[in-house]
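Morning, everyone. Please bring up the model on your screens. I'll walk through a few places in it.

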Amino acid sequence: MAGRFVPRTTAAPRPEPAVTDASAPPLTRTWTPPDPLDLRLVLSPLRRGPADPTYRALPDGSFWRATRTPAGPGTLRVSAPHDGRISAAAWGPGAQWLLDGVPALLGGGDTPEDFRPRHRLIALARHRRPGLRLLRTGLVMESLIPSILEQKVTTDEAYRAWRLLVRTYGTPAPGPADAAFGSYGLYVMPDARTWSLIPSWEWHRAGVDAKRSATILRAVRVARRMEEAAAMELPEATARLQLIPGIGPWTAAETLQRSNGAADAVTVGDLHLPGIVGHALAGNRNADDEEMLALLAPYEGQRHRATRLIMLSGHVPARRAPRMTPRDIARL
């Protein structure tokens with residue numbers, strides 16, 4: 001009698017703890033920005049929740065990020081001494097790539113001088129936040145995957161999923177991160193192959209439904225093609241990302257704001273942003289995407305910067321509806 005067929009499952013390899021030499025000297029560089037900048041404002045879009053394993057801001061004013069570059073994993077630390085120069089140090093195979101990209105990362109290619117405020121609220125926000133620059137990482141997948149995780153769920157759910165998956169399947173960051181942060185050290189996110197091998201039950205345990213995990217799996221299978229979008233103009237880059245079923249305008253904009261420094265990548269399809277923009281610019285907290293885009297029309301080419309300044313103004317409508325209820329699918 002034939003035996004019962006048991007399907008094979010392929011699980012992603014869980015990384016072995018890496019032994020890092022905390023005393024190994026980093027590669028370093030300094031860079032003087034053309035104008036004063038606020039590192040926290042510039043780098044905060046990279047932070048996915050208060051316990052993001054790839055990002056850390058320390059009380060001494062330094063900012064750390066661990067990422068997977070085209071040259072391999074790398075850890076970057078940046079800080080701003082009092083003389084206005086940015087000090088950067090990097091470890092790992094991707095160290096030189098990260099140092100070469102420091103000016104772009106910190107908004108060196110941004111053109112805030114092209115922005116012309118048309119509303120008093122935005123003009124005041126710009127005056128009060130002169131150090132705002134739009135960052136550019138040059139890396140698509142590191143922003144695309146967490147943006148997919150944030151689709152149609154609460155931020156807490158998405159942050160938890162990102163944290164669990166990166167800590168489980170990522171690798172400890174090169175350099176002294178473990179020594180600096182102890183058991184809460186920095187991690188580099190998994191490579192494309194490892195993402196593709198994460199079994200269904202691990203996505204489930206992280207609270208990621210089948211729709212979002214399937215979108216991530218489709219994206220990582222063509223990761224190289226996705227990364228090419230970092231060198232494209234906004235319309236072409238948006239079209240490239242949206243070739244993947246499950247990636248729409250919201251996810252593409254959230255990704256390209258970070259990877260490309262896209263000043264005009266306005267987030268369409270967001271649950272809260274139209275109401276915030278409508279309230280700030282027209283006193284209408286019930287604005288939809290169509291009205292939001294009409295209000296932002298004077299800022300064509302700089303609409304993402306305009307929405308950043310509106311958010312920084314603090315002029316947001318008071319909450320009147322209950323928060324979106326988190327779904328704990330891991331218990332199902």
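Start with the side chain of Arg240. It reaches the backbone oxygen of Arg225 at 2.8 Å. Keep in mind that this is a predicted model. Arg240 sits in helix H12, residues 234-241. Is Arg240 buried or exposed? Its relative accessible area is 13%. The cut-off for buried is under 20%, so Arg240 counts as buried. Which residues does Arg240 touch, leaving aside neighbours within four places in sequence? They are Arg225, Met226, Glu228, Ala229 and Met232.

Now a loop. Find Lys152, between helix H5 (141-149) and helix H6 (155-169). Look at the backbone here. Most residues other than glycine have a negative phi. Lys152 has a positive one, near 60 degrees. And the surface? Lys152 has 70% relative accessibility, so it counts as exposed.

Next, helix H15, residues 289-296. Look just at its start. A side-chain oxygen of Asp288 comes to within 3.2 Å of the backbone nitrogen of Glu290. Now go along the helix. Met292, Leu295 and Leu296 are buried. Where do those buried residues point? Look down the axis of H15: they fall within an arc of 95 degrees, so they line one face of the helix. Here is the background. An α-helix has 3.6 residues a turn, so residues three or four places apart point the same way. Turn to the other side of H15. There, Glu290 and Ala294 are exposed. What covers the buried residues? The cover includes helix H14 (273-282) and H16.

That brings us to H16, residues 303-313, and its partner H4, residues 120-128. For two packed helices, we describe the angle between the axes and the distance between them. The axes of H4 and H16 come within 9 Å. They cross at roughly 80 degrees. The two helices are therefore roughly perpendicular to each other. Which residues meet? From H4, take Leu121, Ile122, Ala125 and Arg126. From H16, take Ala306, Leu309, Ile310 and Ser313. Sort the residues of this contact by type: six are nonpolar, one is polar and one is charged.

To recap: Arg240 is buried, Lys152 is exposed, and H15 has its buried residues along one face.

Technical notes
Residues numbered from 1 in each chain as written. Heavy atoms only, no water. Axes fitted to C-alpha atoms, helices over the stretch in contact; angles between N-to-C directions. Helix = DSSP H or I, 4+ residues; strand = E, 2+ residues; numbered from the N terminus. Parallel < 35°, antiparallel > 145°, perpendicular 65-115°, else oblique. Contact = heavy atoms within 4.5 Å. Nonpolar A, V, L, I, M, F, W, Y, C, P; charged D, E, K, R; others polar. Buried < 20%, exposed > 50% of the residue type's maximum accessible area, 1.4 Å probe, protein only. Arc of directions from axis to C-beta. Polar contact = N/O pair within 3.5 Å; in protein donor to acceptor, adjacent residues only side chain to side chain.
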